[in-house]
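Work through the exercises below with the structure open. Each task is followed by its solution.

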Amino acid sequence: MADADASPGPGFADRLAAVVAGRESQVVLGLDPDPAQLWPVAPDAVPAEGPPAERAARAVVAHCRALIDAAGPACVAAKPQLACFERLGAPGWAALAEVVEDARAAGLLVLADGKRGDIAVSAAAYGQALVGATPTPFGPVAGLGADAFTASPYLGIDTLETLLESARGARAGMFVLVRTSNPGAADLEDAELAEGGPLWERVARIVHDLGTVGGGGDAVLHDVGAVVGATVPDHVGRMRELMPRTVFLLPGIGAQGGRVEDLAPAFAPHRAAGLVTASRSIASAHERAGGATPQSAARAEAERLRAAAWALA
């Protein structure tokens, strides 16, 4: 568990490489629970009475727990989408903490997907909340305890440096948005700079440079990773040139149209250099597999992705 007060131990990339080797997988299980579209097992965990937020949060926990139990053995990490929990208020944050513990109990790393980005005090607070602890006159207050988190670079390098300080203090990782999987990414990330080249190439260079700080230059893989959309596979080779030791978090598989088979350059430096993340394609696999239970269909889809990615590496 990431802990700002823990004695020094393996960094995020080293822990990741060990889990990837042990499980022979590079699949990250995305957890994006929609209270209106949960597995049938979820309502059984809901109290008959109580505030809507409390009841919805209990259903979300049951859904995520069942999904982790079913697909988790074929994965190396869980990636909860923080907004999907935060929208339920305080019960949602409590539900998130439970789901994180469930993922850890299943042997999974936890990647907190919140795409945080802010300046100075706010950036430090985000880091404390996700991977560290907050010092107070009454004693330290532990944060979520994630192994890594996603971050936005668009307030500048200083904001990333502040977030990274929290991450390194907790032996955690940070994944910076470089070229994302959504269609609108072209509006900004593909914009040509006056100096030449698209904006995402500038961000990629920043990510590589941040990864080399603090002894990271000698590491096989850096603790500073990159979010690289699987829906733009033509860019992956160039990204690997710019970030040769960066772990790529590869969203957009399945529901968004990305294919594992198109992502070979991501895995070139190391088996743990590419992480295939899938959310809806695993959670809703039963909708495409006639007669299969949600649990069996999710496991089958996770195993399919695991085999496809492992073969590329």
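Helices here are DSSP runs of at least four residues, numbered from the N terminus. The model is a predicted one.

**Exercise 1. Find the salt bridge of arginine 299 and glutamate 303, and state how far apart the two residues are in helix H11.**

Step 1. Check the pair. The side chains of arginine 299 and glutamate 303 form a salt bridge, at 3.1 Å from N to O.

Step 2. Helix H11 covers residues 294-312, and the two residues are four apart in it, which means a separation of about one helical turn.

Step 3. Arginine 299 is partly exposed at 32% relative accessibility. Glutamate 303 is partly exposed too, at 26%.

Step 4. Look for linked bridges. One network joins Arg58, Arg65, Glu98 and Asp102 through salt bridges with shared partners. The structure holds 17 salt bridges.

**Exercise 2. Describe how helix H2 packs on H11.**

Step 1. Recall what to report. Two packed helices are described by the angle between their axes and the distance between the axes.

Step 2. Read both values. The axes of H2 (residues 52-71) and H11 come within 8 Å, and they cross at roughly 50 degrees.

Step 3. Classify the angle. H2 is therefore oblique to H11.

Step 4. The crossing of H2 past H11 is right-handed.

Step 5. List the contact residues. H2 contributes Leu67, Ala70 and Ala71, while H11 contributes Gln295, Ala298, Arg299 and Ala302.

**Exercise 3. Determine which helices the salt bridge between glutamate 201 and arginine 238 ties together.**

Step 1. Check the distance. The closest N and O atoms of glutamate 201 and arginine 238 are 3.2 Å apart.

Step 2. Assign the helices. Glutamate 201 is in helix H8 (residues 199-212) and arginine 238 in helix H9 (residues 236-242), so the bridge ties together parts 37 residues apart in sequence.

Step 3. Compare with the 20% cut-off for buried residues. Glutamate 201 is buried, with a relative accessible area of 13%. Arginine 238 is partly exposed, at 31%.

**Exercise 4. Is lysine 115 buried or partly exposed? Is its salt-bridge partner, aspartate 113, buried or exposed?**

Step 1. Confirm the bridge. The side chains of lysine 115 and aspartate 113 meet at 2.8 Å, N to O.

Step 2. Read the areas. Lysine 115 has a relative accessible area of 37% and is partly exposed. Aspartate 113 has 5% and is buried.

**Exercise 5. Decide where pLDDT stays under 50.**

Step 1. Start with the whole protein. Mean pLDDT is 93, and 96% of the residues reach 70 or more.

Step 2. Locate the stretch. pLDDT stays under 50 over residues 1-7.

Step 3. Where pLDDT is low, the predicted coordinates should not be read in detail.

Note on methods: Residues are numbered from 1 along each chain as its sequence is written. This is a predicted model: local features need pLDDT of at least 70, side-chain atom pairs count only at pLDDT 80 or more; totals for chains, interfaces and linings use all residues. Side-chain values use heavy atoms; hydrogens and water are left out. pLDDT is the predictor's confidence in each residue, from 0 to 100. Contact means heavy atoms within 4.5 Å. A salt bridge is a side-chain nitrogen of Lys or Arg within 4 Å of a carboxyl oxygen of Asp or Glu. Buried means under 20% relative accessible area, exposed over 50%, partly exposed in between (1.4 Å probe, protein chains only). Axes are lines fitted to C-alpha atoms, for helices over the stretch in contact, and angles run from 0 to 180 degrees between N-to-C directions. Angles under 35 degrees count as roughly parallel, over 145 as roughly antiparallel, 65 to 115 as roughly perpendicular and the rest as oblique. A crossing is left-handed if the near helix is turned anticlockwise from the far one by less than a right angle, and right-handed if clockwise.
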